[in-house]
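Here's a quick tour for anyone meeting this structure for the first time. Have a look at the sequence and the model, then read on.

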Amino acid sequence: MALERQTATLPPAQPTAILRGHASHIHSLLFVRQNSRLLTGDADGWVVFWNIQTKRPLAVWPAHDGPILGFAQWG
């Protein structure tokens, strides 16, 4: 019970960065290359490949006509 009261008094978490690269909702993401890169896929079929350190996209492309529902790594 003491833990519940303690967390209720903490302020809400604040993001350290907001990655803005999609015009629609993100449906999928995958961290790659030892968590230094991030792949995100949205409802319009666009994929963005992010550099986590700079918080900037390295590549953006339309992968599908429909939503990106998941990512998987090969090899």
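What follows walks through the overall layout, the sheet and the core.

First, some ground rules: this is a predicted model, where local features need pLDDT of at least 70 and side-chain atom pairs count only at pLDDT 80 or more, while totals for chains, interfaces and linings use all residues. Residues are numbered from 1 along each chain as its sequence is written, and side-chain values use heavy atoms, with hydrogens and water left out.

**The layout**

The protein chain has one helix and four strands, and from the N terminus on they come in the order α-β-β-β-β. Helices (H or I, at least four residues) and strands (E, at least two) are DSSP runs, numbered from the N terminus. Of the chain's 75 residues, 24% are buried, meaning under 20% relative accessible area with a 1.4 Å probe, protein chains only.

The four strands make an open, antiparallel sheet in the order β1-β2-β3-β4. β1 and β4 are the edge strands, each pairing on one side only. Two strands count as paired if DSSP finds at least two bridges between them. Here are the two pairings that involve β3:

| Pair | Bridges | Sense | Residues between the strands |
|---|---|---|---|
| β2 (37-42) and β3 | five | antiparallel | three |
| β3 and β4 (56-62) | six | antiparallel | four |

Both pairs are hairpins. In the β2-β3 turn, Gly 45 has a positive phi of about 95°, and in the β3-β4 hairpin Lys 55 takes a positive phi near 60°.

Strand β3 is largely enclosed by the rest of the structure, because five of its six residues are buried.

**The core**

Which residues make up the largest nonpolar core? It's a set of six: Leu 30, Val 32, Leu 39, Val 47, Phe 49 and Ile 68. β1 (26-32) and β3 (46-51) each supply at least two residues of this core. A nonpolar core here is a set of buried Ala, Val, Leu, Ile, Met, Phe, Trp, Tyr and Cys residues joined through side-chain atoms within 4.5 Å.

Leu 30 touches Arg 37, Leu 38, Leu 39, Phe 71, Ala 72 and Gln 73, leaving aside residues up to four places away in sequence; contact means heavy atoms within 4.5 Å.

Note on methods: Buried means under 20% relative accessible area, exposed over 50%, partly exposed in between (1.4 Å probe, protein chains only).
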